[in-house]
Amino acid sequence: MQFFDRLSIRYKLAVLLALSLALGLCVSCGVALYSTFAAERQSSLRALHQIAAITSENMGAALAFHDAHSAAKILAPLHTNPHVRYVFVEDEQGQLLGQYRAPATPQAQASAWHIALQQHAARPAFNRREDAQDGSPDGLRQGIESDYHYVIYPVEFDGQRIGTLALLADNEAMYAKMQQFVVWQGAASVLILLGLLLLSWRLQLLFTRPILELIAGMHRIGLSKDYATVLATHHRDEFGELYRGFNAMLQEVRVRDEKLSQLATTDALTGLANRGHALETLHTMLTRAQRNAAPIGVILLDVDHFKQVNDTYGHPGGDQVLRDIARIAQASVRTYDLAARFGGEEFLVLCDAADLPTTLEVAERIRASVASHVFCLADGRTLRASVSLGVYVGTGAHATATALIEAADQALYRAKQAGRNRIESAQA
């Protein structure tokens, strides 16, 4: 059972189909064998019954006149039938008139059969009869044993019963036909089973292929983590429902991952990249800059007098200022630059492959846009704000992310010390 559990579903289905087919063939063969055996029994008895009827009709006169010589002559032609093994005729008083014993039949066997036939004759009429029919003479008895079948037929003369004729034949002909039938039936069953197994193997593919394709798709997606994949299918049945359900699950996973990724890399207040994502991006840019010997610009900016804004307009007002500055910074950078909220009222801008003039240009756009912007609060009040910016451009040759940010922070400190709303820069 454990071995069966470990089998692939296609092999399980093939095994079940094979067992079902084999069971069906066994049942059909069993029914066919039984039907054939019953028919052969009937045929054997019918043939012996016909011999008995003809012999009884010819035996009437011989038995009426107790003519043993005539009785022997009537029984003699039975040797032409090799399966008739023993025959005897006797009168109503049980006196034996004549008998026939096949040459290959020992006398002892014939004597045993004689006793057995007398016992069968002593039983009630039609006892163990296989094919009693209307018009059969009274006193007819017939039946089949394991190694022989017999007919005990009444002998009549002038309408009166005057004796009994008993015929016994072996079952070799019947068993030979049954053996031949079994061979042919077995060969046909094997061929049918092989054909049905081949057909069932092809048919099981109709059921297992969609499942195996789905499993293969699941493995590919599990390895690639590409949840944007859509498994296509042309099935309109339950397999189609399974594929559509799996694709819907992939969609939910994709949306969930996008949300988680956004939460992991985005600042919830401003919508900009958060500190962690900014540092990862800076490491990537720095590695590329070191490989290409290109400069990298870092801008660190801070909202001037932000504590005063919070104290005057409350935290909702301060949050609104941060959101507006974030939108200004995002609109001022180049498409391949990154604007991020670095913490509190600090923002970080990373300018990829930018020299000092380019980085100063980006910083100035931010400073000027913030200075000219009117911040509208939710309660209808307005205010103005400014930012101080520190700029540092490194060559990337021996720089580190920490060194770049610290240099930009020192430049920012100088900008605040110099009066705020201005830019201070440093270059490696």
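A residue is called buried here when its relative accessible area is under 20%, exposed when that area is over 50%, and partly exposed in between (1.4 Å probe, protein chains only). The structure is a predicted model, in which local features need pLDDT of at least 70 and side-chain atom pairs count only at pLDDT 80 or more, while totals for chains, interfaces and linings use all residues. Residues are numbered from 1 along each chain as its sequence is written, and side-chain values use heavy atoms, with hydrogens and water left out.

Helices (H or I, at least four residues) and strands (E, at least two) are DSSP runs, numbered from the N terminus. E5 belongs to an open sheet of 5 strands in the order E2-E1-E5-E4-E3, with antiparallel pairing; two strands pair if DSSP finds at least two bridges between them. Strands E2 (96-101) and E3 (141-144) stand at the edges with a single partner strand each, so one side of each is left without a neighbour in the sheet. On average, neighbouring strands are turned by 10° against each other, direction ignored.

On one flank of E5, strand E1 (residues 84-91) pairs with E5 over 7 bridges in the antiparallel sense. Here Leu-167 of E5 is the bridge partner of Val-87, and Ala-166 of E5 stands opposite Phe-88. Strand E4 (residues 148-157) is also antiparallel to E5, joined by 10 bridges, and Val-151 stands opposite Leu-167 in E5. The hairpin of E4 and E5 has 2 residues between the strands, and Asp-158 takes a positive phi near 55° in this hairpin.

His-149 has its place in strand E4 and, at 5% relative accessibility, counts as buried. Apart from neighbours within four places in sequence, its contacts (heavy atoms within 4.5 Å) include Ser-44, Leu-48, Ile-144, Leu-167 and Asp-170.

Helices accompany the sheet as well. Helix H4 (residues 107-122) lies across E1, E2, E3, E4 and E5, running at about 55° to E1. Axes are lines fitted to C-alpha atoms, for helices over the stretch in contact, and angles run from 0 to 180 degrees between N-to-C directions.

Among the contacts of Ile-325, neighbours within four places in sequence left aside, are Leu-301, Phe-347 and Val-387.

Helices H7 (residues 275-292) and H10 (residues 401-417) pack at an angle of about 110°, their axes 10 Å apart. The two are therefore roughly perpendicular to each other, a label for angles of 65 to 115 degrees, while those under 35 count as roughly parallel, over 145 as roughly antiparallel and the rest as oblique. Leu-279, Leu-282, His-283 and Leu-286 of H7 meet Ala-401, Leu-404 and Ile-405 of H10 in this contact.
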